[in-house]
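Dear colleague,

I am passing on the structure below for your files. My notes on its charged side-chain pairs follow.

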Amino acid sequence: MYRRKVSLIIPVYNTEEHLEKCLTSAVLQTYENMEIICVDDGSTDDSGRLVDEFAKQDKRVIGIHQKNKGESNARNTGLRIASGDYIGFMDCDDWIEPDMYEELVNALECENADMAISGFYKEFEGNGKTSVKVKNEKNVEPKVFGKEMLLRYLYERDSYRAFAYIWDKLYKREVLYQDGKKPVFFDETIKLGGDVLFLAQCALRTNRAVYLDMSFYHYLQREDSGCHMPDLERRMDNIRAYKIVKKEFEENQVDPFILDLIKRIMVYHSSNTAELALELQDGKILETCQQLMKKYEKEYRVLNGGRREWIRRFEDILQYKI
């Protein structure tokens with residue numbers, strides 16, 4: 001019986017310490033009809049050599065080497081050549097359980113869904129290494145749902161923590177490609193948050209999704225990763241990504257409650273960026289973040305009504321001055 005192909009796209013950059021574990025977990029998948037597209041984005045360590053070694057050992061591994069152009073560009077390179085019926089993503093310092101794609105493909109096909117979603121673990125580096133299974137606070141019922149419910153699960157973050165990322169999912173090709181050929185590309189101008197915009201655009205193209213209450217993906221928490229860097233420009237790009245999401249959702253007449261959830265997330269990221277701006281003594285960015293917090297203060301207070309400590313922190317940050 002013919003089994004549809006999965007294209008797994010892995011952007012690779014300077015993670016030789018973790019890459020072997022990542023790629024080993026990919027090639028040992030119980031679902032065998034896969035192409036594993038590894039895009040070496042100008043690595044200066046041994047990552048490129050490791051990619052080539054795996055490509056020699058397993059014909060399903062496709063190694064591509066390019067000049068450093070950023071993670072979004074590397075993912076777009078993968079999307080341009082992916083030939084699979086289903087598309088998945090993985091980061092080069094993470095790893096996955098052997099049955100991840102077997103289970104996700106089965107879920108897509110059994111439920112005739114456009115997107116299959118599962119849970120994940122957070123993995124922490126250090127001597128006292130720990131693994132934490134990320135759990136939803138609320139039950140996902142029913143397990144199969146339409147676009148509006150998918151959007152609620154994606155952006156009601158405190159209640160549905162397992163939904164926020166692109167890599168614990170499997171997408172039917174039609175969700176990512178217009179007319180099955182032209183990809184929905186990652187925005188390469190956004191240094192942090194390109195995946196935020198990409199996932200939102202995919203969600204808008206999803207009519208039917210299925211959730212598996214199982215965890216397969218291991219998300220490594222590295223202090224030197226892009227999302228943890230004390231870089232104000234990158235933090236502002238992340239906020240910009242959500243502004244674009246909000247605009248596109250308004251144009252697609254998405255439920256106003258979903259828009260309020262987006263505004264709440266924007267305030268959250270603005271508050272974090274404001275704290276960093278104070279630390280780095282950047283008055284312009286501090287003021288910009290405070291203005292956005294004030295703009296959506298009503299939505300933030302309503303959606304955080306029972307969290308007094310969050311509201312107190314919000315009020316304190318509005319008083320920051322440089």
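Arg152 is partly exposed, with a relative accessibility of 30%. Salt bridges that share partners also occur here, joining Asp46, Arg49 and Glu53 into one network. Please keep in mind that this is a predicted model.

Back to Arg152: its side chain meets that of Glu156 in a salt bridge, at 2.8 Å from N to O. Glu156 has a relative accessible area of 9%. The cut-off for buried is under 20%, so Glu156 counts as buried, whereas Arg152, at 30%, is partly exposed.

In total, the structure holds 26 salt bridges. One of them pairs Arg208 with Glu111 through their side chains, with an N to O distance of 3.7 Å. This pair links distant parts of the chain, the two residues being 97 residues apart. Arg208 sits in the loop between helix H7 (194–204) and strand S12 (209–221), and Glu111 belongs to helix H4 (residues 100–111). Arg208 has a relative accessible area of 35% and is partly exposed. Glu111 is partly exposed as well, at 30% relative accessibility.

A further salt bridge is formed by Lys169 and Asp168, whose closest N and O atoms are 2.9 Å apart. Where do these two side chains fall, buried or exposed? Lys169 is buried, and Asp168 is buried too.

Regards

How values were computed. Residues numbered from 1 in each chain as written. Predicted model: local features only at pLDDT ≥ 70, side-chain atom pairs only at ≥ 80, totals over all residues. Heavy atoms only, no water. Salt bridge = Lys/Arg side-chain N within 4 Å of Asp/Glu carboxyl O. Helix = DSSP H or I, 4+ residues; strand = E, 2+ residues; numbered from the N terminus. Buried < 20%, exposed > 50% of the residue type's maximum accessible area, 1.4 Å probe, protein only.
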